[in-house]
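Q: Could you take me through a protein structure, one feature after another, and show me how each is read?
A: Gladly; here is the sequence with its structure.

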Amino acid sequence: MAGEIFISYRRADQAWAQLLHSQLRAEGVEAWYDAQVGAGQDWRIATAKALESSQIFVLLFSENAAQSSDIAKELAAATLEKKLIIPVRLQNIAPKGAFLYELASRNWVNAYEDTEAKLAQLAKGLAHLVRTGARDESVLPIDRADGGAHTPAAAARKSMRTPAIIAAAAVLVIAVSGIAAWLLWRSLQPAAPGRAQATSQDVAQKAQSATPVFSPPAHSVAVLPFANLTGDATKEYLGDGLAEEVINTLTKVPGLKVPARTSSFAYKGRYVNVRDIGKDLQVGTILEGSVRSAGTEMRITAQLINAQDGLHLWSETYDRKFTDLFKLQDELAVAIVKALQVNLNGASPESVTQALPTKDVEAYQLTLQGFAALEAGGGPQGPSNALNLFQQAVARDPSYARAYAGMAMAQLHTHPTIGSGQTQQGMLIAAEQAARHALRLDPNSAVAETVLGRLAFQHYDMVEAESHYRRAAELDPSDALLKFDHAVVQAYVGHMRDAVQTMRDAYARAPAIPQVVLFAGTVHSWAGLDAEALKYANLAAALGVPQDNAGLGEIRGLAALRAGRYADYLRDSFLPEPGETVAELQPALELSRMVLAAVTDPSKRAAALAARARLYPRGATLTARAANRCGYSGARAYVILGDLNAAFDLANQCLDEAPAGQVSGEACPWQPEWRNFRKDPRFQAYIARRGAIAYYEKYGPPDDCELKDGKLACH
């Protein structure tokens, strides 16, 4: 009977909920968990309705679950409605708070050891209860409430005192009080005369009618990172690498839409309904799974889900040795092609498999770990650790192109005081050498092309940078982070309309990557499109970007400046960048404060102009952050004041005193405030110092400008 079983769990335990759901389905029983909430539905109404129609309430209990007020409310509702409650312990912990009162005396399924096998036993027992309609817990793999003295729960029962019971009951009462709103659809009062009473179906239909129809391509799949259920956090790279290789294989299948790794991996570690993922990425199916390991053996569970209704289309479990990892990746890709019934024009599904990236499985795993270390961050030590792993990989297989590309990326980001002791310039030279070697081994390495693009940009060679980014985009047209990099170059040279479109495309492909959403807002802000920029800023904040983030502040600050709210501009636009010191930030802030005071009180103009000599004395060597702040915040102050002599003088000084290889000033000259700066004859000499004239000769002049006989004229 569909809907007989309700699975309650915390987001961090979603992989176990999915596994139990698939095990129950294998037993011929349908269960409900909130991944089945439909597009446009109110999840509270859908959850309440599912709970009411169920007879068995399965609670997956863990440290995370114990902290959830929503789960406490679900448990309270199940108790009030006299459901058969089956608590499943995923960790060896005792119930607390609201859970203590209700669960301490119940029979538990202890699944914190050999979890998969215990859940399989539970699924068989639950299927028996559903088929027979019985409430006999003896068919379940339970530990009796009066046994299991070794568990924390048993210890809690033995030491329980009346005050604890009273306290827990009080917490439970509070939790129950929240059920009224949560179950609102069940308890609506009679409508007032002349008004129709709403129903849950009305609410859902209204929500759905306000949402555009989701109609993804027939053959489309997003591959999510496989959940790491090994119990070893250091093996996180296994599931990521498996998913990435499946993506790489499927992208070669004609007629199959597969979002890039950066797009799909944005949902890692977050609870997002599969329907929402499908809608975000415009795909009809989602592949997800899990990885477990023991010694040299591993177990991979994979399932293909319909993103429109949440139903499973296909699932399989593979038991393999680590040495068979490449074969397994091919098996998965072939299985998906078969399940989606992709037309291969007569070719067999097996034809989609790709050549091995390396014959050395250990070199492959070292490379996966290297990219995982790069993505994890961890300060300057992260790239250094990644570099060490990539070096080990190429030592094992000197022909492994991807390891060399990873090495180049790590060298690009490795701090010169960490690791080999090379200077910053030495690291950049090594990064270029590694990237070019990767391309000799594999001319289709988008990672290597991206590294060379970044290096060219740092050396003001905008033509070379553009060439590498265009090639990278050809090789990996779906990568949103690559588009992010390309948009930086486009904005820097004044192709702002192209930069805006590039970031809109990046956002469409990866709406869940916070840095993509934030930079989409930044580019719109630079282009003077403040309303759109603020929308992106709010979306980025909703994705977890902190409110004190300097990028958010700059978007809001520029909007405030253009609206004449100078105090808000000074507050928001001068939030420190990561690692930026007071000494690096303060000169531009003080200069801007004095200039804005002069804008409203002309008698203060002379003081604002004179302050430059004190705040930015000539002959100083600026740090990279100070030079950049000087170029976009300091020079901007004199642009706002309308003194172009002071603006050009300071802007050029910022370039003079910037460290070698440091791009100063970002996209400031192309912002609306700088129009008169761009129209000045001195602008060409300034922009030539930024390596842009050769770019214009090859790729066209910047927005609202003309290039004739080598002369740039902006309007």
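Q: Where is Tyr-460 found?
A: Tyr-460 sits in the loop between H19 and helix H20 (462–475). Helices (H or I, at least four residues) and strands (E, at least two) are DSSP runs, numbered from the N terminus. The phi of Tyr-460 is near 60°, a positive value in a residue other than glycine. This is a predicted model, in which local features need pLDDT of at least 70 and side-chain atom pairs count only at pLDDT 80 or more, while totals for chains, interfaces and linings use all residues. Residues are numbered from 1 along each chain as its sequence is written, and side-chain values use heavy atoms, with hydrogens and water left out.

Q: How many helices and strands are there in the protein chain?
A: The protein chain has 33 helices and twelve strands.

Q: What percentage of the residues of the protein chain count as buried?
A: Buried means under 20% relative accessible area, exposed means over 50%, and partly exposed lies in between (1.4 Å probe, protein chains only). Of the 715 residues of the protein chain, 54% count as buried.

Q: Which residues does Leu-281 touch, not counting residues up to four places away in sequence?
A: Contact means heavy atoms within 4.5 Å. With residues up to four places away in sequence not counted, Leu-281 touches Ala-222, Lys-257, Pro-259, Ser-263, Ser-264, Tyr-267, Arg-509 and Pro-511. Leu-281 lies in helix H13 and is buried, with a relative accessible area of 4%. Leu-281 and Val-221 are 60 residues apart in sequence, and from C-alpha to C-alpha they are 9.1 Å apart in space. For the protein chain, among contacts between residues at least 6 apart in sequence, 66% join residues at least 24 apart.

Q: Is Gln-282 buried or partly exposed?
A: Gln-282 is partly exposed, its relative accessible area being 34%. Gln-282 belongs to the loop between helix H13 (274–281) and strand S8 (285–294), and it has a positive phi of about 55° although it is not a glycine.

Q: At what angle do H15 and H16 cross, and how do I read it?
A: Axes are lines fitted to C-alpha atoms, for helices over the stretch in contact, and angles run from 0 to 180 degrees between N-to-C directions. Angles under 35 degrees count as roughly parallel, over 145 as roughly antiparallel, 65 to 115 as roughly perpendicular and the rest as oblique. The axes of helix H15 (residues 361–376) and helix H16 (residues 381–396) come within 8 Å and cross at roughly 165°, and H15 and H16 are therefore roughly antiparallel to each other. A crossing is left-handed if the near helix is turned anticlockwise from the far one by less than a right angle, and right-handed if clockwise; H15 passes H16 in a left-handed crossing. The residues of this contact divide into ten nonpolar, five polar and two charged, where Ala, Val, Leu, Ile, Met, Phe, Trp, Tyr, Cys and Pro count as nonpolar, Asp, Glu, Lys and Arg as charged, and the others, Gly among them, as polar.

Q: At what angle do H23 and H25 pack?
A: Helix H23 (residues 514–526) packs with helix H25 (residues 550–562) at an angle of about 25°, and their axes are 9 Å apart. That makes H23 roughly parallel to H25, and the crossing of the two is left-handed. Among the residues that meet are Leu-518 and Trp-526 in H23, and Leu-558 and Arg-562 in H25. The residues of the contact of H23 with H25 divide into five nonpolar, four polar and two charged.

Q: Which residues does Gln-671 touch, not counting residues up to four places away in sequence?
A: On that count, Gln-671 touches Trp-526, Leu-558, Arg-562, Arg-636 and Arg-678. Gln-671 is in the loop between helix H30 (644–656) and helix H31 (675–679), and at 0% relative accessibility it counts as buried.

Q: How many aromatic pairs does the structure hold?
A: A pair of aromatic rings is described by the distance of the centres and the angle of the planes. Rings of Phe, Tyr and Trp (its six-membered ring) pair if their centres lie within 6.5 Å; planes under 30 degrees apart count as stacked, over 60 as edge-to-face and the rest as tilted. The structure holds 18 aromatic pairs. One of them is the edge-to-face pair of Phe-457 and Tyr-492, at 5.2 Å centre to centre with 80° between the planes. Phe-457 lies in helix H19 (residues 446–458) and Tyr-492 in helix H21 (residues 480–492), so the pair ties together parts that are 35 residues apart in sequence.
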